[in-house]
Amino acid sequence: MAAGRLPGLLFLLHAAARLAAEQEVENLSGLSPNPEKDIFVVRENRTTCLMAEFAAKFVVPYDVWASNYVDLITEQADIPLSRGAEMKGKCGTNESELEISWLERAYTLKLFFLKEGHNTSRGPEAFWRLSRIQFSYDTSERTYFKDAVSPGKHTASSHRLSALVTPAGKSYECQAQQTISLISSDHQKSVQLLLSEVRIQPFDITADFVFSEEHKCPVDQREQLEETLPLILGLILGLVIVITLCVYHIHHKLTANQVQIPRDRSQYKHMG
């Protein structure tokens, strides 16, 4: 009888150990000097496998009654991601997840990451991307929703998402604000996710609590170029001025040592 129970006991222990590994998470948002920025870490086997830093806000449209109580009008709820959020995550070789909930699970954000390979002109290369977003919200929650018509739970999801595309082994970084549109189950309304100050790495972290080399988003790259271009042009202009002055100085020195030929031919008889 005891021998018959052993496989079941081992299965339960294995499942419990796996669950514990999946839920080894830390919310380090209190370390951020920006009160709107959150920091999340997922660890398995005492090793960091997913790190995410970002500021997030959702813009959610919802219906309320007009003053005549006959017509419906659309209001807008601005829902920030709270610092006291609960979280859990899961890491895999090619798939990782991060789930964040706040205000007693009235709001839940799920991020799904996928790593895959592509054939390029340089040969096969691996990339990771944010492949799906799911945001669940409850319009009966009164902090952000005021007198919503038919209050209840809804889910907004992405459609064929391919965002934050980053070479494998690198982290994604983008200080600029990005907007991702989600489609809600509430009459197909469009929910906007606003992300900024983003630094994420869901795969291939080599040092505990440390991001790998960053891959900057195109907007940040362009802004960095716009900041450095005037400096580069100034240096080039300064170099041109220095070269011009040097050439002038050398030319002036050479011509000063040469014999001056009179322009008036009558003066030739006095030469020599």
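Let me start with one residue. Ser-32 touches Lys-37, Ile-39 and Arg-83, leaving aside residues up to four places away in sequence. Ser-32 belongs to the loop between strand 1 (25-27) and strand 2 (37-44). Is Ser-32 buried or exposed? With a relative accessibility of 8%, Ser-32 counts as buried, because the cut-off for buried is under 20%. There is also a polar atom of the Ser-32 side chain to mention, which lies 3.2 Å from the backbone oxygen of Asn-34.

Before going further, a word on confidence. What you see is a predicted model. The average pLDDT of the protein is 85, and 80% of the residues score at least 70. Among the elements, strand 11 (residues 171-174) has the highest mean pLDDT, 98. At the other end is helix 1 (residues 2-22), with the lowest mean, 51. Where pLDDT is low, the predicted coordinates should not be read in detail.

Now the interior. In soluble globular proteins, nonpolar side chains tend to be buried together. Here the largest nonpolar core has 48 residues. Which residues have the most contacts inside this core? They are Phe-54, Phe-58, Ile-100 and Trp-102. Strand 3 (residues 47-65) gives the most to the core, with 9 residues.

Take Phe-54 from that list. Again leaving aside residues up to four places away in sequence, Phe-54 touches residues including Phe-40, Leu-81, Ile-100, Leu-111, Leu-195, Val-198 and Ile-200. The contacts of Phe-54 also include Glu-36, Lys-37, Asp-38 and Glu-197. Lys-37 has come up already, as a contact of Ser-32.

Next, the aromatics. The structure holds 12 aromatic pairs. I will show one of them, Tyr-107 with Phe-145. The ring centres of Tyr-107 and Phe-145 are 6.5 Å apart and the planes are at 25°, so this pair is stacked. The two residues are 38 apart in the chain, and the pair links distant parts of it. Tyr-107 is in strand 7 (residues 107-120), while Phe-145 is in the loop between strand 8 (123-138) and strand 9 (153-157). Tyr-107 is buried, at 0% relative accessible area, and Phe-145 is buried at 0% as well.

Tyr-107 and Phe-145 also belong to one aromatic cluster, together with Phe-58, Tyr-62, Trp-102, Phe-135, Tyr-137 and Tyr-144.

One last item concerns a charge and a ring. The charged end of Arg-132 sits over the ring of Phe-112, at 3.9 Å from the ring centre.

How values were computed. Residues numbered from 1 in each chain as written. Heavy atoms only, no water. Helix = DSSP H or I, 4+ residues; strand = E, 2+ residues; numbered from the N terminus. Buried < 20%, exposed > 50% of the residue type's maximum accessible area, 1.4 Å probe, protein only. Polar contact = N/O pair within 3.5 Å; in protein donor to acceptor, adjacent residues only side chain to side chain. Contact = heavy atoms within 4.5 Å. pLDDT = per-residue confidence, 0-100. Core = buried A, V, L, I, M, F, W, Y, C linked by side-chain atoms within 4.5 Å. Phe/Tyr/Trp six-rings, centres within 6.5 Å; stacked < 30°, edge-to-face > 60°. Lys NZ or Arg CZ within 6 Å of the ring centre and 35° of its normal.
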